[in-house]
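Work through the exercises below with the model open. Each task is followed by its solution.

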Amino acid sequence: MSPVVRMIGVCKHFGKGEALVRAVDSLDFEVSEGEAVMVTGPSGCGKSTLLQLMGGLDLPTAGEVWVGGRRIDRTSERARARLRREHVGFVFQDFHLMDELTALENVELPALLAGTSTGRARRRASALLEEMGLADRGHHRPAQLSGGQKQRVAIARAVVNRPTVLLADEPTGNLDSVATTEVLRLFDTLRANGQTLVVVTHDQRTAATAERIVSLRDGAIVEDHILAPSTVNAADLLSGEALT
Ligand code: ADP
Ligand code: MG
């Protein structure tokens, strides 16, 4: 089975000469189908750059990037936009919701853009909001939601087109511990349903819930640990329930 994400000798360098920054440097990386990977490392080590390359939001200066069996670093912006719409779900630290749309409209928008009929998009968005525990928040706008609720809407939106891979950049970075636990529980559920996901975090607590942890330093992978399958639910571990 070919990996869902494959990066071969990938570099992303910014600037020149004395100002050259090797944000990602000769990096090889693969993610298998159904895998949940946490990418961790200090600020500035290249986590966000790596995720943007993986999702076709940015192009490498060298190397190959493959997603779902397609090479994406040599394709047009238009083809990459389509790939992102249909195969990649993004979750950001600051949610990136559309303020003027309701929660339901935010979630259904990518489905409509991908050509899903209005009826189907609405049903799928409603079902997802319900799964995210937000059935009664569908008609609220982002400003009327808490941070944790906004991030759950953003996660519903990210998976509405059933992406090949879900990419999240510091998804709990703006959340308190209760909302963090909720979001991690959702990732657990998605993973249990077979969703491949790559989550970037500098938070050790969040990273500790993964089954595979990749550590980055200066744009390179310095550790890649696959952990034994845990019988402890990640969210319970965080909330302390597993310890009682
Ligand atoms: P992280 O997400 O781990 O904090 P980033 O991927 O954002 O790290 O950044 C990695 C390095 O690349 C940093 O040194 C950062 O300053 C640099 N960098 C990121 N984006 C750009 C850019 N557009 N232009 C110049 N340097 C950049
Ligand atoms: Mg970052």
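**Exercise 1: the cores**

Task: find which members of the largest nonpolar core touch the most other members.

Solution. The largest nonpolar core holds 36 residues, and Val-107, Leu-129, Val-153, Ile-155, Leu-166 and Phe-187 touch the most other members. Such a core is a set of buried Ala, Val, Leu, Ile, Met, Phe, Trp, Tyr and Cys residues joined through side-chain atoms within 4.5 Å. Buried means under 20% relative accessible area (1.4 Å probe, protein chains only). Next, take one member. Leu-129 touches Ala-103, Leu-104, Val-107, Leu-134, Ala-135, Gly-138, Val-153 and Ala-156 (heavy atoms within 4.5 Å), leaving out residues up to four places away in sequence. Finally, look for a second core: it is separate, has 28 residues and includes Val-5, Cys-45, Val-67 and Val-198.

The model is predicted: local features need pLDDT of at least 70, side-chain atom pairs count only at pLDDT 80 or more, and totals for chains, interfaces and linings use all residues. Residues are numbered from 1 along each chain as its sequence is written, chains are lettered from A and ligands numbered from 1 in the order in which they are written, and side-chain values use heavy atoms, without hydrogens and water.

**Exercise 2: the ligand**

Solution. Start with the backbone: an N or O atom of Gly-46 lies 3.1 Å from a ligand 1 oxygen. Then the side chains: an N or O atom of Ser-48 is 2.9 Å from an oxygen of ligand 1, and for Thr-49 the distance is 2.5 Å. Last, cover: ligand 1 alone exposes 570 Å², of which the protein buries 57%.

Key. Buried < 20%, exposed > 50% of the residue type's maximum accessible area, 1.4 Å probe, protein only. Polar contact = N/O pair within 3.5 Å; in protein donor to acceptor, adjacent residues only side chain to side chain. Areas by Shrake-Rupley, 256 points an atom, 1.4 Å probe, with all protein chains shown as cover.
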